[in-house]
Protein chains: 2
Amino acid sequence: MVSEDPPWPELGQLVSLIVQQRTSTRAELARITGLARSTISQRVEDLLELGVLVESGEGPSSGGRRPTLLALNPAAGVVLAADFGATHARLAMATLSGQPEVERAVEIDIADGAAYLLAWLVDTFHEMLEERDRSAEDVRAVGIGVPGTVDFATGTVLWIMPGWDGTVVPEVLSKHFDVPIIVDNDVNVMCLGEYWSRGLADEKVMFVKVGTGIGCGVVTDGQVHRGANGAAGDIGHIRVMVPHDVLCLCGNSNCLEAVASGAALVRQLAAEGLDVRHAIDVVRMCQAGDARALRLVRVAGQRIGEVLASIVNFYNPSRIILGGALAGLEDNLLAGIRAVVYERALPLATRHLTIETTALGDRSAVLGATILGVHGALTPETISNWVRKRSVLS
Amino acid sequence: MVSEDPPWPELGQLVSLIVQQRTSTRAELARITGLARSTISQRVEDLLELGVLVESGEGPSSGGRRPTLLALNPAAGVVLAADFGATHARLAMATLSGQPEVERAVEIDIADGAAYLLAWLVDTFHEMLEERDRSAEDVRAVGIGVPGTVDFATGTVLWIMPGWDGTVVPEVLSKHFDVPIIVDNDVNVMCLGEYWSRGLADEKVMFVKVGTGIGCGVVTDGQVHRGANGAAGDIGHIRVMVPHDVLCLCGNSNCLEAVASGAALVRQLAAEGLDVRHAIDVVRMCQAGDARALRLVRVAGQRIGEVLASIVNFYNPSRIILGGALAGLEDNLLAGIRAVVYERALPLATRHLTIETTALGDRSAVLGATILGVHGALTPETISNWVRKRSVLS
């Protein structure tokens, strides 16, 4: 039986210390927290009984009996994750250690709006849970990436399009999943996904998405750099040099996005009388060896390279990862970017700089959204809350 | 008498907890460290006897007797700091809380080289110590800012000029002061000085120096952003748009520094047949209302503004502080910068952005170097070392 009225924040702290791998034995928990050994033993018994922790073998002896190691029970719950793009969504259900158990990729239309798509998301999440004999009670947190600007603190969509803007995503979803719901923009979650899934913990990573638009995410020391107003990474509206002025949707002219994004390439090719509508059409033309498309993509690469060279001088990242619909055009886009960055940025800043195409393909965003969820699920506060609920239910 | 063979790392940890203001009572020290109350009492007695800690009044009672508060003894040592510019140096001797006790501003010539200037520095530091009846034994750390590129980890000068390059500054100075010697470039220490002296702890601060050259430092969450290779902040070599190509000393063309720095303005005015040699001559001409100088400074401001607009979009700082020889030209340089940044950067990123001239004048660098020293002096390792020495001496 769970001890009467255990102090929940304290339980959260204990689990949190184990999750952060700062300890895995009762003796160390006592030492770190300063709580009496007998108190720790009682609390750990509670957590074992509740299925939050499991015993996971024995550690090395430090003189006496070999200590029993404690670990988070990976079966103690799941994290749900979603990556919304303009025309696709990728969903995942993952363990608390971030291992995806179920993944789904679905065609959507972001213009269907938040009300419709979030209702669809809830239904699909429920299907995925049922598929593994789980229920909403097993969900510890939800992580979501959306293709637009988000107020991270509240999860409010600031700018995607009408039908989304102003939506407080956690408000909608918490009716169905009463857990932390964390929302961020797509490039931030893509960068997080690369950083954590590929073990880039010692690196300063930039993820540059070149799709219909252009944006970037920055992760250093495990954290997304969001800037003072959550506006960081908006490289699509940096001015570049072009022979003739091009008006951007933002009202300024000659923004990188207006001259080098998928949308800009489509416009340039359409102006030459070609039947292209989406960034993917440009990719297909390049793959078919169309000289006009190849030339435009190469010039776009150079312009993106100019902007990245400036940012390399200023920020000195160790790795730039290219993603988005156009990222596959390695011989043209990536080559153009590399040439300009290595020519224009300072040698000290490029000596160990890697510029590469994503190795995770379409999955970086959903993996990053999963990480958002895992982080949200494993704060001491969240752990305290679900341990409390679990105790009431048991 | 100090207890026999006290565990030095542990003493360092205790002092460090007090310095970080995580606690100021014996009971809290016991709770946080998990050490027995009696052990803590003995260690604290040792530290009081050694003059490392002082008792600083009584705290609120939590039921029983009011606890005695502990604090670092501000008289327990000093920090030395130096800011080297091209033609000046500013030195300081400060308390462990960063309060300057002695400051000196001296004309120098950086071209005299490291051997000469570091020997001069040691002599002058000794004079400053004697002035306050201190000796080299009282010094806990030295912080130094230099006008060039530094390998922060080792304190090696990578690039100032011949006579400096390759100098491992800590190696030279540690013969005289056997304490942590921390060396960084001038813009980083200027940014640190503004951040800490002006209480900007919640801000993301950029310090942009416009003098003979152009560079910037970035401080977020109390830390300088150095980038993957310590090359971050080099905005002087970002390419800008100019009607005619200008070759930069770096070998590229149209770098910001080549068209908008003090040196560039001097060159432009000299090309018009005027007798100008230094950035300060340009300032004097502007102050005298010379239309040619004013026009060139305004154009330089716009070009600096273009680069900063890009960086505001990417990094989203909350404050940009302008310093360096040309920073005083508020009506022209600052106005030009502001106009372009507010026009070109995204509204979300500029809504709460402050762009201002330094309020610390010539002192930001020496205050920042002092902070470098204070941080170096108050690590658990450093504290352990000086407590150990103090014990041997007492």
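In chain B, Met93(B) stands opposite Val102(B), a residue of strand E5(B). The two residues belong to a predicted model, in which local features require pLDDT of at least 70 and side-chain atom pairs count only at pLDDT 80 or more, whereas totals for chains, interfaces and linings use all residues. Residues are numbered from 1 along each chain as its sequence is written, and chains are lettered from A and ligands numbered from 1 in the order in which they are written.

Strand E4 (residues 88-95) of chain B is joined to E5(B) in the antiparallel sense over seven bridges, where strands (E, at least two residues) and helices (H or I, at least four) are DSSP runs numbered from the N terminus, and two strands count as paired if DSSP finds at least two bridges between them. These strands are part of an open sheet of five with mixed pairing, in which the order is E5-E4-E3-E6-E9 (chain B). Its edges are formed by strand E5 (100-107) and strand E9 (181-185) of chain B, each of which pairs on one side only, and the twist from one strand to the next averages 15 degrees. Helix H13 (residues 364-377) of chain B packs on this sheet and touches strand E3 (78-84), E4, E5, strand E6 (139-146) and E9 of chain B, with its direction at about 140 degrees to that of E6(B); axes are lines fitted to C-alpha atoms, for helices over the stretch in contact, and angles run from 0 to 180 degrees between N-to-C directions.

The loop between E3 and E4 of chain B contains Ala86(B). Residues up to four places away in sequence aside, Ala86(B) touches Ile110(B), Pro147(B) and Thr212(B), a contact being defined by C-beta atoms, placed from the backbone, that lie within 7 Å. Ile160(B) is 74 residues from Ala86(B) in sequence, yet their C-alpha atoms are 9.6 Å apart in space.

In chain A, five strands likewise form an open sheet with mixed pairing, in the order E5-E4-E3-E6-E9 (chain A). Within chain A, strand E3 (residues 78-84) and strand E4 (residues 88-95) pair in the antiparallel sense over seven bridges, and Asp83(A) stands opposite Arg90(A) in E4(A).

Between the chains, 33 residues of chain A are in contact with 33 residues of chain B. Helix H2 (26-33), helix H10 (291-315) and helix H12 (347-350) of chain A are the elements that give two or more residues to the side of chain A that touches chain B, and the largest share of that side, six residues, comes from H10(A). The residues of this side comprise 14 nonpolar, 12 polar and seven charged (Ala, Val, Leu, Ile, Met, Phe, Trp, Tyr, Cys and Pro count as nonpolar, Asp, Glu, Lys and Arg as charged, and the others, Gly among them, as polar).

The same surface serves both copies, as 100% of the contact residues of chain A recur in chain B.

Note on methods:
Contact = placed C-beta atoms within 7 Å.
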